[in-house]
Amino acid sequence: MNKDTAAYLKGKKKQILETWMHNQVQDAALRDDLMSVAELQQQSEEFLSALLNAFGTPEAEDTQSAGYEPINDILSEIAISRARQGFSPRETNTYILSLKQVLSQQLEEFLSDNTALLYREILSMNSIMDSLAVIAMETYIKGREEVILRQTNEMSEISTPVIRVWEGILALPIIGTLDSARTQVVMEALLEEIVATGSRIAILDISGVPTVDSLVAQHLIKTVSAARLMGAECVISGIRAEIAQTIVHLGIDLTNIYTKASLASALKMAFSMLNIQVTRGSKQNTGF
Amino acid sequence: MIVLSKEKLPIQREQDVILFRNRIKELATKTGMSLVNQTKLITAASELVRNMLRYGGGGVTQLEIVSKNSIPGVRLTFKDEGPGIPDVQQAMKDGFSTGKSLGLGLPGAKRLVNEFDIKSEPGKGTTVTITRWKNGL
């Protein structure tokens with residue numbers, strides 16, 4: 001970019017910022033629910049002054065050059081914070097691209113008598129802004145991915161509760177895909193709870209596991225064996241009809257393991273193993 | 001046999017497996033396959049895709065809806081460029097595993113589908129193709 005042009009734009013900073021802000025505030029898509037106008041003004045000003053400074057550097061067209069480092073930092077910060085705040089990709093990108101329009105207008109005013117130069121300057125400004133938009137998009141997606149990764153971790157922790165259903169009986173509803181990492185979490189949680197409560201029976205309920213293949217079965221068998229070593233017996237419940245057929249065809253041997261179709265029947269079995277009798281009392285004593 | 005739809009899904013990480021299984025379920029539902037047949041197909045696919053990840057270092061899967069004698073079905077192709085299987089016959093036996101698994105993946109998958117084809121060349125990779133028809137025959 002030409003030195004004179006850069007200097008001119010720098011001189012017009014206040015005007016550019018005003019028009020840009022005006023456009024943003026006028027835009028129907030303005031998310032003032034997510035970010036206040038004052039905040040937006042501050043962010044925009046910071047970004048614009050860094051950008052106009054970079055225009056004046058010799059390598060103005062290379063957005064990877066040292067002159068653009070502060071801009072890239074500011075831009076990443078803006079994009080990541082917007083990703084977390086819940087802005088859409090379109091809103092994030094429009095923020096950068098709306099500045100392009102304002103800059104074009106200024107260039108047009110400045111270079112109206114020299115079309116050839118105007119054309120070159122607009123091209124060069126465009127390529128800079130486009131690559132900045134790409135950077136913003138990349139960081140925006142990175143920000144989103146971080147959010148997803150955090151949620152994934154949270155989910156695998158939430159979805160492995162060990163419930164004490166009765167004195168000496170634990171239940172472990174497994175929901176979702178049982179991969180190696182999940183099995184590790186499940187097994188640890190179960191074994192710890194067996195020690196803590198001195199339980200003798202653990203019910204592993206797989207109603208919420210969509211697919212039981214040989215790897216999942218192997219993980220289950222390992223969990224059962226580990227629990228047995230600690231003196232607790234496991235019952236696997238929640239085996240649906242289609243899963244039962246699939247297991248048979250696959251050739252998985254579960255004959256050494258107690259299995260039941262429903263959690264209720266597994267609980268019933270656990271009661272009889274512990275010699276507990278549940279009887280219906282007479283109506284007067286129920287307290288309801 | 002006519003191919004009604006075709007798509008490709010690369011498998012590189014364990015997370016891709018979940019996406020892949022969901023996609024098969026959608027396709028199988030579209031053909032009107034019963035829940036039992038769907039589960040069998042998905043389980044077989046799950047076995048093969050795990051093999052692909054574990055031994056083949058990932059690869060590409062192809063999902064197709066096919067039709068033969070106006071009976072629809074789902075055909076899946078698993079292609080990797082891993083080390084290949086030196087002895088396919090041995091690998092197809094129950095209980096044989098070079099890893100520490102149950103050794104049921106390949107033979108089990110074969111029992112769960114209607115058509116099963118495996119081609120492997122040591123050093124070049126393995127391609128497995130399975131088909132399950134809507135009526136399960």
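1. B:Ser70 counts as exposed, with 6 C-beta neighbours inside 10 Å. The term rests on C-beta atoms placed from the backbone: a residue is buried if 20 or more other C-beta atoms lie within 10 Å of its own, exposed if 12 or fewer, and partly exposed in between. B:Ser70 has a positive phi of about 55° although it is not a glycine. Its place is the loop between strand E2 (59-68) and strand E3 (71-80) of chain B. As background, most residues other than glycine have a negative phi.

2. The model is predicted: local features need pLDDT of at least 70 and side-chain atom pairs count only at pLDDT 80 or more, whereas totals for chains, interfaces and linings use all residues. Residues are numbered from 1 along each chain as its sequence is written, while chains are lettered from A and ligands numbered from 1 in the order in which they are written.

3. A positive phi, of about 60°, is also found at A:Asn275, which is not a glycine. A:Asn275 belongs to the segment after helix H10 (263-273) of chain A. A:Asn275 is exposed, with 6 other C-beta atoms within 10 Å.

4. The secondary structure of chain A comprises 10 helices and 5 strands, and that of chain B has 4 helices and 5 strands. These elements are DSSP runs numbered from the N terminus, with helices (H or I) of at least four residues and strands (E) of at least two.

5. Chain A has 288 residues, of which 28% count as buried; chain B has 137 residues, of which 37% count as buried. Contacts are taken between residues whose C-beta atoms, placed from the backbone, lie within 7 Å. Among contacts in chain A between residues at least 6 apart in sequence, 76% join residues at least 24 apart. For chain B, 65% of contacts between residues at least 6 apart in sequence join residues at least 24 apart.

6. How do H2(A) and H3(A) cross? The axes of helix H2 (residues 13-26) and helix H3 (residues 37-55) of chain A come within 10 Å and cross at roughly 140°. That makes H2(A) oblique to H3(A). Axes here are lines fitted to C-alpha atoms, for helices over the stretch in contact, and angles run from 0 to 180 degrees between N-to-C directions. Angles under 35 degrees count as roughly parallel, over 145 as roughly antiparallel, 65 to 115 as roughly perpendicular and the rest as oblique. The crossing of H2(A) with H3(A) is right-handed, a crossing being right-handed if the near helix is turned clockwise from the far one by less than a right angle, and left-handed if anticlockwise.

7. On the H2(A) side, the residues that meet H3(A) include A:Ile16, A:Leu17, A:Trp20 and A:Met21; their partners in H3(A) include A:Leu40, A:Ser44, A:Leu48 and A:Leu52. The residues of this contact of H2(A) with H3(A) divide into 9 nonpolar, 4 polar and 2 charged. In these classes Ala, Val, Leu, Ile, Met, Phe, Trp, Tyr, Cys and Pro are nonpolar, Asp, Glu, Lys and Arg are charged, and the others, Gly among them, are polar.

8. H3(A) also packs against helix H4 (residues 69-85) of chain A, with axes that come within 9 Å and cross at roughly 155°. That makes H3(A) roughly antiparallel to H4(A). The crossing of H3(A) with H4(A) is left-handed. A:Gln43, A:Glu46, A:Phe47, A:Ala50, A:Leu51 and A:Ala54 in H3(A) meet A:Pro70, A:Ile71, A:Ile74 and A:Ile78 in H4(A). By class, this contact has 8 nonpolar, 1 polar and 1 charged residues.

9. The largest nonpolar core has 61 residues, and those with the most contacts inside it are A:Leu172, A:Ala202, A:Ile203, A:Leu204 and B:Ile24. Helix H2 (residues 35-55) of chain B gives the most to this core, with 7 residues. Another core, of 27 residues, lies apart from it, with A:Leu48, A:Ile71, A:Ala79 and A:Leu99 among its members. A core in this sense is a set of buried Ala, Val, Leu, Ile, Met, Phe, Trp, Tyr and Cys residues joined through C-beta atoms within 7 Å.

10. The contact between the chains takes 16 residues from chain A and 21 residues from chain B. Helix H8 (214-229) and helix H9 (241-250) of chain A each supply at least two residues of the side of chain A that touches chain B. The largest share of that side, 6 residues, comes from H9(A). By class, the side of chain A that touches chain B has 5 nonpolar, 8 polar and 3 charged residues.

Terms used
Two residues are in contact if their C-beta atoms, placed from the backbone, lie within 7 Å.
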